[in-house]
Amino acid sequence: MSKLNKTNRETTRVILFMSFFLFFLWPIGAEEIIPNIPKEDVGFPLPYYSPVTGTFAEIRNHNLHLGSDFKSYGLNGHSILATFDGYVDEINFSKIGYGLSLNFYNPKHKIKSKYAHLHSFGGELLDLELLRQALFLMGEREGFKLKLPEKMFQAKKGIPIGKAVKRKM
């Protein structure tokens, strides 16, 4: 059997499994899984229109992409906005994968959003950027994962919380 046929069969299995999950299992108790969030409580993560360059659940190198990427037009420093009211739950850095990222949490709706491939933290969360710089100065250049106290770094929907890196967000 050729490598291409094996890859195609593996891809078909993944798609069939996801289809089965989405169409047969998800509707069972979906009301408890999907929160009913008013449209006005959620916003777009950018202050301008930007096309999607990577979609959620697209197949990438034998796995599913777990986010949505937006075009950054080859520039660093575009503001990344909080998509809802909440606080920074965790910050991470890795030389591979997500790079610099933060998890943002809304306790009212119990939803979490991950902002990955960031250039820096910023906007109204200047102290969070200073914390990132301090971690790098302490020698954490290979990577870190830091769970933060609840509501230590809060932001309202639409407030800048980070800066984009030029390759993607």
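This is a predicted model: local features need pLDDT of at least 70, side-chain atom pairs count only at pLDDT 80 or more; totals for chains, interfaces and linings use all residues.
Local features need pLDDT of at least 70, side-chain atom pairs count only at pLDDT 80 or more, and totals for chains, interfaces and linings use all residues. Residues are numbered from 1 along each chain as its sequence is written, and side-chain values use heavy atoms, with hydrogens and water left out.

Helices (H or I, at least four residues) and strands (E, at least two) are DSSP runs, numbered from the N terminus. Buried means under 20% relative accessible area, exposed over 50%, partly exposed in between (1.4 Å probe, protein chains only). Strands pair if DSSP finds at least two bridges between them.

| Partner of strand 6 | Bridges | Direction |
|---|---|---|
| Strand 7 (residues 100-106) | 6 bridges | antiparallel |
| Strand 9 (residues 143-147) | 5 bridges | antiparallel |
| Strand 10 (residues 154-155) | 2 bridges | antiparallel |

Phe93 stands opposite Leu100 in strand 7. Asn92 stands opposite Lys145 in strand 9. Tyr87 has Gln154 of strand 10 as its bridge partner. Strands 6 and 7 form a hairpin with 5 residues between them. In that turn, Gly97 has a positive phi of about 75 degrees.

**Helix 3.** Leu128, Glu129, Arg132, Leu135 and Phe136 are buried in helix 3. These buried residues fall within an arc of 115 degrees seen down the axis, so they line one face of the helix. The arc uses directions from the helix axis to the C-beta atoms. Leu126, Asp127 and Leu137 are exposed on the other side. Cover for the buried residues includes strands 6, 7, 8 (111-121) and 9, with contact meaning heavy atoms within 4.5 Å. Just after helix 3, Gly139 takes a positive phi of about 100 degrees.
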